Protein chains: 4
Amino acid sequence: MIESSKATAAKGKLLYGMVGGGEGAFIGDVHRKTAAFDGKCALTAGAFSRDFSATQRTGAALGLDEDRLYPDFETMAREESARENGIDFAVIAAPNYAHYDAAKAFLANGIHVVCEKPLTFTAQQAEDLKQLAAERRLLLCVMYSYSGYPMLHQARAMVRAGEIGDVLMVMGEYPQDWLIEVIEGESRQAAWRTDPAMAGVSNCTGDIGSHIENTAAFVTGLKIKRLLAKLDIVGADRTLDTNSCVLLEFENGASGMYWSSQVAVGNDNALQLRVYGTKGSVEWEQEFPNVMRFTRAGEPTQTLNRGHGYLSPEAASRLPSGHSEGYFEAFSNIYSRFADALLKLKSGAALDDADLDFPNVDDGIEGVKFIHACVESSKNDSQWVTL
Amino acid sequence: MIESSKATAAKGKLLYGMVGGGEGAFIGDVHRKTAAFDGKCALTAGAFSRDFSATQRTGAALGLDEDRLYPDFETMAREESARENGIDFAVIAAPNYAHYDAAKAFLANGIHVVCEKPLTFTAQQAEDLKQLAAERRLLLCVMYSYSGYPMLHQARAMVRAGEIGDVLMVMGEYPQDWLIEVIEGESRQAAWRTDPAMAGVSNCTGDIGSHIENTAAFVTGLKIKRLLAKLDIVGADRTLDTNSCVLLEFENGASGMYWSSQVAVGNDNALQLRVYGTKGSVEWEQEFPNVMRFTRAGEPTQTLNRGHGYLSPEAASRLPSGHSEGYFEAFSNIYSRFADALLKLKSGAALDDADLDFPNVDDGIEGVKFIHACVESSKNDSQWVTL
Amino acid sequence: MIESSKATAAKGKLLYGMVGGGEGAFIGDVHRKTAAFDGKCALTAGAFSRDFSATQRTGAALGLDEDRLYPDFETMAREESARENGIDFAVIAAPNYAHYDAAKAFLANGIHVVCEKPLTFTAQQAEDLKQLAAERRLLLCVMYSYSGYPMLHQARAMVRAGEIGDVLMVMGEYPQDWLIEVIEGESRQAAWRTDPAMAGVSNCTGDIGSHIENTAAFVTGLKIKRLLAKLDIVGADRTLDTNSCVLLEFENGASGMYWSSQVAVGNDNALQLRVYGTKGSVEWEQEFPNVMRFTRAGEPTQTLNRGHGYLSPEAASRLPSGHSEGYFEAFSNIYSRFADALLKLKSGAALDDADLDFPNVDDGIEGVKFIHACVESSKNDSQWVTL
Amino acid sequence: MIESSKATAAKGKLLYGMVGGGEGAFIGDVHRKTAAFDGKCALTAGAFSRDFSATQRTGAALGLDEDRLYPDFETMAREESARENGIDFAVIAAPNYAHYDAAKAFLANGIHVVCEKPLTFTAQQAEDLKQLAAERRLLLCVMYSYSGYPMLHQARAMVRAGEIGDVLMVMGEYPQDWLIEVIEGESRQAAWRTDPAMAGVSNCTGDIGSHIENTAAFVTGLKIKRLLAKLDIVGADRTLDTNSCVLLEFENGASGMYWSSQVAVGNDNALQLRVYGTKGSVEWEQEFPNVMRFTRAGEPTQTLNRGHGYLSPEAASRLPSGHSEGYFEAFSNIYSRFADALLKLKSGAALDDADLDFPNVDDGIEGVKFIHACVESSKNDSQWVTL
C-alpha cells in the first residue's frame, strides 16, 4: 500500500527547514539525505530558491506541506518562529553571499542554524553571528563536512595525545580539476563560484583552500600565526583565484604549506593532510577516507583502518572495517552530533564540550580570516599577513 | 518543536516490514538506513526477534506502532496481508535458516520480498520460491549487496560490450580475518554463522564465497560448467568451513579460481574480482569501490573513477567523483531499483528487463547451487562437480 | 686513455664461463652484469650459441680472448678444466633443454655450476646432478633469482621465527601477458618457451609457476604434500600451457592456491606471495620488491621497507631505504653469496649452512617435481597428485 | 682458479680516478658499481680520503695499483695527467666543500670530470668551471642521479611534446626523516651535511631541495623567474636548514611549490614531482620509479610502466617491464651516456645535443643559484628573490 496521508514524518524528530538546495543543486540533496540518515531530523519547511515556483516544485517533490514553503528565508524565519510546531533549526545551503543574512535571520528568530562554509563574507559578520548565537543561546554549526570522517577523528586523537610529539610541519593540499575548462556557461556551480558577487573575495581558496585550513586545525589544534600566499587566476575572463599556494607559520613555530587548485588535471577532491612531529606523523586522504597512515620515528608505517578495535573511541563509526563509509556518512556524523546536542539542549540539560564536537562558529570565523589573509597577502605580492 | 504524533512516515512511500534485524544485529540496521535513503520506503512493521519483548523494544526505538509488531513472521505475513494499509514488501534479514520459510510465508500472502543471501538452504527451496513468486507475480530481490556498487556496473558494461574480448580467466577472492580466534562465545554473528543448524551446509563459502560467485556472474554473465573445491575448517571444535579454495571451469571454456577465507589475518572484506580476456582486463576491489582498473592489451592500465563523464550510463551514481560512496550507498542503489520496479508494478505498468536490474531469485538459485557444489566436491576429495 | 691490452680483468676474482646468453638473449646479459656487480667474478670463457660464429661475435664484443671461445659446452668444459687458469664455474643460461647435459658436463669436469631454472627436464636428471655434485664436492646453484630480494629474506626470517604462527594458507600468483598474442614468429623467447623440444613438458607452469613454488618454499619452508592442477592452453596452435591453476595441500595441513598466466592482460611480472598464519600474515610483490606488508592479528598492517634498522639481519641490502633496489640487485645478491661460498671453499675452509644461502640443487629438484606433478594432474582431469 | 695477475681491467674501457668515496662512504661505492655496470669504465686511480693510509686501504681492497693511489686530488690530477695511460676522467664524490677545487684541478690538467651535486659553493665558482671546461673542451657531468630514471625521461618527452599543454603548476617534494634525531655524533654523513664548512650555506635545500629543482627543470624545461623561501632549522645546536618550503614563479607564469625536509617522519627518499598543464598532468615518485601517472583532461588516469612498447624511445631501459630497475640503474644510465659521449669525443667525432643528454655544468649552475636564492629569501623574511 502506498500511504497517501499528509502527516509529517516527525515522531520524536527534530524539524528543520532549508534555505537553498533547490532544483539542480548538488549539496542540498546531500544535506537532506544526511540529516535524515539517523532518523533524528525531518525536513519540514523550505525556501529552496529565489524563484518561489521552483521552491514549490521542490517542496512538492519532497512531500512538504504547501504552507511550509516560503518565498524567502526572512519569511520562513519569521513564520516558522511563530508556529507552534515550527522548525527547530535551519540548514543554509545557498551560495556564499546569502549565508550571513540568512543565518542572522534565523538566529534572530530563535532558530538554531546549520550553515555551509565559508560562514560569511567578512570576519566581522562571522563575529556578529557568534555574538547573536551566544545571546540567544543557539547552536550554530558550520558544515566543514570532512571533519565528520572517523579517521580524521582518529588522527586528531593521536595528535592531541602526543603520539607524534610536537608538530613541526603541516602539509595540506586539495587539488581538483573541474575548472580546467571555462564551463561557467553550462555549470551553475561554476558560475556562482567564480562570481565575486556570489562567492566573495575568493573562489578556490574560499572553497577548498578553506577545507585544508579547517582540516589542519581540526587535527592539530594549532593556530596560524601568519601566512603568505600566491593566488593564481587560470582561465580566460576569470577574476577570482583557481589555484592557491599558501605558506604558513603556526604559533608553536611549525611551518605549513597549503595548496589548493581547481585546475590540476587528474584530481577530483584530493584533499590530503600530512602532519609531521618530533616523534611521528599522520597522513589522511579524503578520497580514501577509511584509512590513515601513522608512523613512529624508526618504525614501519602503519595503515590504520576504520572500524577496528585498536582505534580511539573518538573514531567510532557505523560499519565494521572493510565496508567503506564515504562522504554521505561523514556528513551524517556531523548532523548526528548536532542533533544529539540540540535534543539534549531541548531536554533542558546542560551541554559540555563533548556534546559540541561539531564544527562551530569559531571554526567559521577562523575560516573567513584565513581566506581574507590569503587574498590580502596575494594582493600585496605575497607579503606575510599576521592573523 | 519535537513532533510527538504517531502518524507514519509514509506519504507516497512503499511500506515494508522486517524479519530479523533486532537488537545487536548489524545488517538489519543497514537494511533500514538504506531502504530509507532515497525516501521511497518506510519501515512499518517488524518481527525483529524470536523473543517478542525484544521485538517490542526494537519497534519502540524505531518509532513503530505497537500493532505492527509481531511475534513471528507467519503472523506478520498473515496480518499485514489482511490490513488495508499493509506492507508492500518484507525484508528478511534473519539468519540463513529462516530465509526459506519466511520468504515463502510472505510470497504466499501476496507480499513482495527482499531476502538476504544465501536465499535458502537447498536449491529446491530456491526453485520453490521462484515458482511461487512467478505464480503470484511478486518481486523477489536477493540482497547480493555488492552488485549495487556503480563501478561493478561499469565493469559489467565493459565486459558485456566486449571491451576485454572473450573471457579467459576469472580470479575472485574474499578474505576476512574475523574468525581467526574462536569468538563464538562473544559474537552472536560468529555463533550462528558457524552453526550448521543456523547457517546451513557451509559457513565461509556460503557467506562470502557466495559473494565472489555472484560478483563474477554479475560482471561476466558466464555460467559455471563445473567446479572442484577444498574447504578447510580452521578453529577448534568448528564443523563448518572457514577457508575455501575453488577451481572452476566456465561454459565458455574460461577457468577461474575463487578463494574465500575468514582466517586470513590482515583482511576485512577484501573482495576482489579480476577478469582477463583476449583483449583486455578489468579489476575491482570492494574496499576501494570507487575505482576500477581497465587495461587494453599493449596499453597502459587506466584507473576509472566513479562519477566521471567517461563512464557508461549504467555506472550512474549519487555523488560527483572524488567524494566516495561506500557500502550504504551500494545497498541503497539496490533498494532504489527495487522500489522503482515495485512502484512501477503497482502503477499497473509492465516491467521490462531494465526495470529488474537488481539481484533476483535466479541469482539466489545459482548461489545455492554453487555452495552445494563446493561442499559436495570438498567431501569427495575435490572431485569435479558439474552444475 | 683507452687501454688496449688484452690482459684479463681477473685480479683476485673468480673466473667463469657462460653457456648460452648470446646475441638477442635477455637473461645472459643479466647474468653477466650481476655476476660482475660486486667485483667478485670475471667472465672469461663462453659457448654463447650453437652457431660458433655468433659466439665469436659475442666474445669479441665482451672482450674475451679468442681461445676462450668454444663451439659447444662439452669442449668448453673439457678444455677449461685442463687449463691452468681455467674457469672456476660455469653459468648455464641456455634454454631448458640444454640444462642437464651442460650441467653434467661441467660437474663431470670438476667445474662448479650456476644454472637457470628449471634445473632439468626430469626429476631423475636433477637427482643425477645432485649426486654428481656431491661426489665431486662441487657447488650447484639454481638461479631462482627472486630469492635474492632482501624483503623476501625478511619475510622468511619472520615466518621462520614464528611471527605469523602456524601457516594456514599460501596464496601465490605470477601473472604476465606477453603471450596474449601469438608472437612466436617474432620473439625467440616466445618460440622456445612454447616448444616442447626446447622447454619441456610445460611452458607457463615450468617458467613462472615454478617461481611461485620456489618463492613459497623459500619463505615458508613448507613441503607440498599433494596438488591438483588445471593447465590451460590459450593461443592458436600452441601445445603447452599458458595459464595454470594449482590447488595445494602442504604437509603441515595448510592449503595453497597458485595461479600463473602468460595471458593475463595488464600484468608484466606480477609475482605475489601472501602467507597467512594463526597469528599474522606477510605479503610481498615482485614488482614493488622494496616493501612487504606484515599484519599481526588485531593490529594495523605494517609496511616494512628495505634498508631500515628494524629489519632482520638476513634482510641486509646494499642501499639505504628509499633508494630502490631491483631485479639486477636481487640477482647480484645470489651471485655474491655463491661467490663468497666458492671463495671460502677454494680457501680450504669448510662451508656451513649460512654459507650456502642460495638456491641449490634441492630447490631445483623440488621445482622439477612440482612441474611434473602439475602436468600429470592436469592430464588426469585435475586429480590429486602426491609428491 | 683465482687470477693473481696485477694487470688492469681496462681492455677498451675508459679509465677513471675517484676523489672521496673512501671507507664508510655510501655514495662512492654507488659511483664505482654504476660506472662499471656497462663495462665502459674502469677505476684506475684514487684519492679516497684526506688520510692517505685510508686511501691505501681502500685502494688495496679495490685492487688498484699502489702507484695510482694519491695523497690528494691535486697530486692525482697532476700525475695522472702526465702518465701515458692516465685516467680519462675523475669522479668527485667528496663532500661539497671539495667540489670546486677538485673539479678545477682536473679540468686544469685536461681531465674530464663527473662531480656530485651541488657542483660548487657559489654560482661564480660554477661559472668558472663552465668556462674552464669550455676552454679545454672537456666534459663536466654533474651527478643529478635521478635524471637517469627512464620514466623521468618519459615524463620529459611527454611534457616537451605538449601532451599536458602549457604548464600551470609544479609540485615538488622530497621528504626524508633521517635527521629527526641529532645523530651527528654517530653519522659521518650527518656530521658533514649539517656543518657549514663542509656543506656550504644550506643542508636540506642544498642536498635534496636541489634535487627537486633539477628534476622539475629536467622534466619541464621551465626557468625559475623568482622564488621565496622559508628555511627551518629543526634539531638542537644545528645551524643549517633541515626543512625547506619554497614558493616559485616560473618565467612562463606557472607557479610552483617545493618542499624538502629531513625531519618528516615516515619518509626515506620520497622525491615526488607533479606537473599540471592546461591539457593534462604527469606524476612521478622516486621510490616507485618504474611507473608514472599521466592524465589527459577528462580521461582516466593512466599508469605508464617502464619497459613497455607504448613509451617514448627516450625512456629506453635495460630490463623488460615488471622487473624493476632502481637507483643503481638510474646512476648507471648517466654513466653510460657520459661514457658514450666521452668515447665518441676521443674517437674524434663531433658531439651533438643528443650525445650530451646527461646533467651538465649548466644544471650545476642553476642548482647553486637556486640554493642561494632560497637562503637569501629565507634570511630576508621570505621576500621574493629574482633569479
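How many helices and strands does the secondary structure of chain A come to? In this predicted model, the count for chain A is eleven helices and 14 strands. Computed along its principal axes in the computed sense, the C-alpha trace of chain A spans about 65 × 55 × 45 Å. The radius of gyration of chain A is 21 Å, and because a compact globule of 387 residues would have a value near 21 Å, the two agree. Of the 387 residues of chain A, 63% count as buried. Among the contacts in chain A with a separation of 6 or more, 69% are accounted for by residues 24 or more positions apart.

Helix α1 of chain D, residues 26–36, is mostly covered, with eight of its eleven residues buried. The buried positions in α1(D) are Ile27(D), Gly28(D), Val30(D), His31(D), Arg32(D), Lys33(D), Thr34(D) and Ala35(D). The cover over these buried residues includes the strands β1 (14–20), β2 (41–47), β3 (89–93), β4 (112–116) and β5 (140–143) of chain D, together with the helix α10 (327–346) of chain D.

The discussion now turns to the interface of chain B and chain C. Here 40 residues of chain B are in contact with 40 residues of chain C. Between them the two chains bury about 3,000 Å², and 63% of that area lies on carbon and sulfur atoms. Lys230(B), Met257(B) and Val265(B) supply 20% of the area that chain B buries against chain C, more than any other three residues.

The rule finds four salt bridges between chain B and chain C. One salt bridge joins the side chains of Glu173(B) and Arg274(C), at 2.7 Å from N to O.

On the side of chain B that touches chain C, the elements that give two or more residues are β6 (167–175), β7 (224–232), β8 (243–250), β9 (255–261), β10 (272–277), β11 (280–285) and β12 (291–296) of chain B. Which element gives the most to this side of chain B? The answer is β8(B), with six residues. By residue class, the side of chain B that touches chain C divides into 19 nonpolar, twelve polar and nine charged residues.

How values were computed: Residues numbered from 1 in each chain as written. Chains lettered and ligands numbered in written order. Predicted model: local features only at pLDDT ≥ 70, side-chain atom pairs only at ≥ 80, totals over all residues. Heavy atoms only, no water. Contact = heavy atoms within 4.5 Å. Buried area = accessible area lost by both parts, 1.4 Å probe. Helix = DSSP H or I, 4+ residues; strand = E, 2+ residues; numbered from the N terminus. Nonpolar A, V, L, I, M, F, W, Y, C, P; charged D, E, K, R; others polar. Rg over C-alpha atoms; globule rule 2.2 N^0.38 Å. Buried < 20%, exposed > 50% of the residue type's maximum accessible area, 1.4 Å probe, protein only.
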